[in-house]
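Subject: Structure for your review

Dear colleague,

I am handing over the structure we spoke about, and I would be grateful if you could look through it alongside the notes that follow.

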Amino acid sequence: MKCYCDSQKKFNECCEPFLNCSSKPSTSKELMRSRYSAYILGNGAYLVTTTVDENRYEDDIKLIQEFSSSVVWLKLDIINEAKNMVEFKAYYRDRDGVKVQHERSNFIFKNGMWLYIDGELFNSKIERNEPCPCKSNKKYKKCCFKI
Ligand SMILES: [Zn+2]
Ligand SMILES: [Zn+2]
């Protein structure tokens, strides 16, 4: 089966070894992808353990799991990347329609592993003429767009 992170790779050759801790991401992008997969799977523990100590809150495990189960994740687009930064758009559907989280995440390599520090959020919207994030091959305005 294909990986949840839209890499087109197989799950067991992509994010699965990171999520089950048999391997560690070697780049910030791999970590970012595996964190997206963890959101889809509601794996709050993975998201918390891959965050830097100072931003790590055990309570987040529950909050993340609640959020993940209330939405359907649709698509991940990586827009830009550098050694310590990944900018992405993650699309999901909630009760009100399709939404996009556009974030520039900062990462650090510490004690032999990549960790998430924090992210800057952008107020982006889905353009009416862009391909629908639900991967229907229709334009957004002719598919999941709601007024
Ligand atoms: Zn993956
Ligand atoms: Zn759609």
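A donor is here an N, O or S atom within 2.8 Å of the metal. Please keep in mind that this is a predicted model, and that the values given below are computed from it.

Beginning with the zinc ion (ligand 1), the atoms that coordinate it are the SG atoms of C3, C5, C14 and C15, which lie at 2.2 to 2.3 Å. The angles among these four donor atoms run from 103 to 113°, and the site of the zinc ion (ligand 1) is tetrahedral. Along the sequence, the donor residues of this ion follow the spacing C-x1-C-x8-C-C. As for accessibility, C3 counts as buried because its relative accessibility is 6%, and C5 is likewise buried, with a relative accessible area of 0%.

Which accessibility class does C143 fall into? With a relative accessibility of 27%, C143 counts as partly exposed, since buried requires a value under 20% and exposed one over 50%. C144, by contrast, has a relative accessibility of 13% and therefore counts as buried.

With kind regards

Definitions and conventions: Residues are numbered from 1 along each chain as its sequence is written. Chains are lettered from A and ligands numbered from 1 in the order in which they are written. This is a predicted model: local features need pLDDT of at least 70, side-chain atom pairs count only at pLDDT 80 or more; totals for chains, interfaces and linings use all residues. Side-chain values use heavy atoms; hydrogens and water are left out. Buried means under 20% relative accessible area, exposed over 50%, partly exposed in between (1.4 Å probe, protein chains only). Donors are N, O and S atoms within 2.8 Å of the metal (3.2 Å for Na, K and Ca); water is not among the atoms, so sites may look incomplete. Four donors count as tetrahedral if all angles lie between 85 and 135 degrees; four count as square planar and six as octahedral if opposite donors are over 155 degrees apart and all others between 65 and 115; anything else is irregular.
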